[in-house]
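Please look through the sequence and the model before reading on.

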Amino acid sequence: MSDAAAVQSPWQTVRIVRIEKRTPRATSFFFQPSRPFAYRAGQHVDVRLTAPDGYQARRSYSIASAPETNDVIELAIEKLDDGEVSPFFHEVAAIGDEIELRGPLGGHFVWPEDENGPLVLVGGGSGVVPLMSMVRHRAAQNSSVPVVLVFSARVWDEVIFRDELITLDDRQHGFDLVLTLTREAARRPADYSRRVDVAMMAQAMARLPEPPGLAFVCGSNAFVSAAAQALIDAGVAAQNIRTERYGV
Amino acid sequence: MVTRGFSSGRRPPTDGDARIPPGQYLEQGFPVLSAGPTPRVRIEDWSFTLKHGPRPIKTWNWAEFNALPLTKMTRDIHCVTAWTKFDTPWQGVLVDDILADAGLEPPTGFTLAHAFDGYTTNVPVKDLTAGKAMVALLYEGKPITPDHGGPARLLVPHLYFWKSAKWLNGLQFTTHDEPGFWELRGYHIYGDPWREQRYKDDP
């Protein structure tokens, strides 16, 4: 092997091995990496598509799967009608297709190495994806770190990973799920039907045995701004809140 | 590797391909990205400090800083998350003018920019001087909103935008090129969008 070949491209080819519709607008794509892919819960990848004329489009997507199942990487991709990458996945991509992927990326919005106190996770819409990786990681590790996930969706049918989250919640092993629907009535007794606010955050944190060490908030910029402020108003120090914003 | 079924037909319309660095797309909006909650920095609490290592050289309060010469700078900006925005209009104080007011020649070749939320990012001196960078105070003629880094943010438009630290409160000359917040978390030490220096293993 020449020296040049020893310098590995950061991009690798991955094959779609499974596609699962999660909600009307979000679909999970499962990719088999071509070389080992170790990551931490909460990290993301860059995906690159190449047109015949050489044009390339790249986007970042959070990983939904747990690090323990890294033989297949799950990305849950929400369709954006005016996008150029997400419509490709929703309308064109099929099992067996290959795309290019780079990662894992991001070293801040990740499950902490030293589990120092309970965690609050707050997700809006598809912002739940990196938090799902954390929740699955916790379950796979049989971790005893108390975690509460506040998940805001517009309606019941847009709650991504709903059945899996409710199953984990029902185990009562220190994971609590709080759903809030902004355009429908709550379906479960302790859930909400309004936008996230300080009272909701205080009540969610009251489910933890002690105040959280860290909070992770992911979603649109408007959602993250509101949720982070609600956490601050509920007593979480700003430096203990980590955010990931879609940008818009 | 050509992706089956993907064409450039969905590409957002653009009138200036030569202005879009590799791997970027043109964005009309102004997305907001940051690693934590948006700090609300009051003008009366604001200050900016120039440091050499641990030693403060000079500190300006808001009124003093606003009395420095204001310069307009309209530039394309490039975020590592792949959006590029054309012709963003800023006004602020050139780093050259800050150094002149402090009577300081750059004592080292490197700086760390510091922000109110604890964020840091490293920028070589040669990328800040000779009119290349400013501490921006206005965007589109108005005070910069907190989401976009107000009251004051660094503007180094020729590097990926994580280098343009929001909520800026200081610039520190360092002996060596010391990685900042994102540079310690997998991002490139320099961040030239035209060489696609996004992550640490990029050339």
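## Chain A

The model is predicted. Chain A contains six helices and eleven strands. Its radius of gyration is 18 Å, close to the 18 Å that the globule rule gives for 248 residues, so chain A is as compact as a globular protein of that length. Along the principal axes, the C-alpha atoms of chain A fill a box of roughly 60 × 40 × 30 Å.

Of the 248 residues of chain A, 45% count as buried. When contacts between residues at least 6 apart in sequence are considered, 71% of those in chain A join residues at least 24 apart.

## The two domains of chain A

Chain A is divided into domain 1 (3-105) and domain 2 (119-245). The centres of these domains, taken over C-alpha atoms, are separated by 25 Å. Contact between them involves 17 residues of domain 1 and 14 residues of domain 2. On the side of domain 1 that touches domain 2, there are eight nonpolar, five polar and four charged residues.

In soluble globular proteins, nonpolar side chains tend to be buried together. The largest nonpolar core here has 75 residues, and A:L149 and A:L231 are those with the most contacts inside it. Domain 1 and domain 2 of chain A each contribute at least three residues to this core. A second, separate core has 41 residues, including B:L50, B:V95, B:I98 and B:L112.

With neighbours within four places in sequence left aside, A:L149 is in contact with A:L121, A:G123, A:L131, A:V135, A:L177 and A:V178.

## Helix α5 of chain A

Helix α5 of chain A spans residues 198-205, and A:M200, A:M201, A:A204 and A:M205 are buried in it. Seen down the helix axis, the buried residues of α5(A) fall within an arc of 130°, so they line one face of the helix. Among the elements that cover these buried residues are β7 (119-124), β8 (147-153), β9 (175-181) and α6 (221-233) of chain A.

## A residue of strand β1

A:Q12 lies in strand β1 of chain A, which covers residues 11-21.

Leaving aside neighbours within four places in sequence, A:Q12 is in contact with A:P33, A:S34, A:R35 and A:L101. From A:Q12 to A:G124 the separation is 112 residues in sequence and 30 Å in space, C-alpha to C-alpha.

## Chain B

Chain B has two helices and eleven strands, and from the N terminus on its elements run β-β-β-α-β-β-α-β-β-β-β-β-β. The radius of gyration of chain B is 17 Å, close to the 17 Å that the globule rule gives for 203 residues, so chain B is as compact as a globular protein of that length.

The C-alpha atoms of chain B fill a box of roughly 60 × 35 × 30 Å along the principal axes. Buried residues make up 37% of the 203 residues in chain B. Of its contacts between residues at least 6 apart in sequence, 63% join residues at least 24 apart.

## Where the chains meet

Between the chains, 37 residues of chain A are in contact with 30 residues of chain B. On the chain A side, β3 (44-50), β4 (56-62), α2 (86-91), β6 (98-105), α6 and β11 (241-245) each supply at least two residues. By class, this side has 16 nonpolar, 13 polar and eight charged residues.

Technical notes. Residues numbered from 1 in each chain as written. Chains lettered and ligands numbered in written order. Predicted model: local features only at pLDDT ≥ 70, side-chain atom pairs only at ≥ 80, totals over all residues. Buried ≥ 20, exposed ≤ 12 C-beta atoms within 10 Å, placed from the backbone. Helix = DSSP H or I, 4+ residues; strand = E, 2+ residues; numbered from the N terminus. Arc of directions from axis to C-beta. Contact = placed C-beta atoms within 7 Å. Rg over C-alpha atoms; globule rule 2.2 N^0.38 Å. Core = buried A, V, L, I, M, F, W, Y, C linked by C-beta atoms within 7 Å. Domains from an automatic or database assignment. Nonpolar A, V, L, I, M, F, W, Y, C, P; charged D, E, K, R; others polar.
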